[in-house]
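Subject: Structure handover

Hello,

Here is the structure I said I would pass on. My notes on it follow below.

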Amino acid sequence: LLAQEGGTSPVGGRNYELLSGRGNDLGNGGDYVFKANLDGSTADDDVLIKNGALFKQEGQLLADIAPFTLTTFGTASGPVQVNDNGNVLWFATWNDPNLEQNSGLFLNDCLIVQNGVTSIGGFLIDTIQSGQDAFAMSDNGRWIIFEALLANGLEGAFLIEVAEPIAVEL
């Protein structure tokens, strides 16, 4: 048993409230990651769990989005991915008042695609999709595919090549 609604979570004093219909993934090396909702305060109840430990939590500050904090991990059923090296690909929004630059895709702690900042073919990304099947990563972590809407109205799937897949230990 990895997690159970009503059961103890890795966040002290908090139990799992909702697990059903939430994104999850299992890597070939046995690493796993899933989205969960915790009981208690709604200000920090959404979490990402990796291998039974807290990976990311709503309200958390990350260097790449400072001074802002995480607010959501996209839709509940949206993906979260783990590759064979244990690296995690995930989507989040944060509380930047500039709503045109407040969401992105992360690989571990690194922001790799950001709306209103990242451009493709000379056009800024307007919206990064976060629903079911909106992004994926190859097992070896070298390739990432994601769906987005560009500022010129083009909607499509886009490919990122990660030149040297990073290791979790970095």
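The largest nonpolar core has 16 residues, and L89, L105, V113, I125, I128, F135 and F146 touch the most other members. A nonpolar core here is a set of buried Ala, Val, Leu, Ile, Met, Phe, Trp, Tyr and Cys residues joined through side-chain atoms within 4.5 Å; buried means under 20% relative accessible area, exposed over 50%, and partly exposed in between (1.4 Å probe, protein chains only). At least two residues of this core come from each of β8 (88-94), β9 (103-107), β12 (123-128), β13 (135-137) and β14 (143-150). Strands are DSSP runs (E, at least two residues), numbered from the N terminus. β14 gives the largest share, four residues. Another core lies apart from this one; it has 15 residues, including V33, F55, F73 and V88.

The model is predicted: local features need pLDDT of at least 70, side-chain atom pairs count only at pLDDT 80 or more, and totals for chains, interfaces and linings use all residues. Residues are numbered from 1 along each chain as its sequence is written, and side-chain values use heavy atoms, leaving out hydrogens and water.

L38 is in strand β3 (residues 32-38). L38 counts as buried because its relative accessibility is 0%. G7 is 31 residues from L38 in sequence, and their C-alpha atoms are 9.8 Å apart.

W143 is found in strand β14. W143 counts as partly exposed because its relative accessible area is 35%.

Regards
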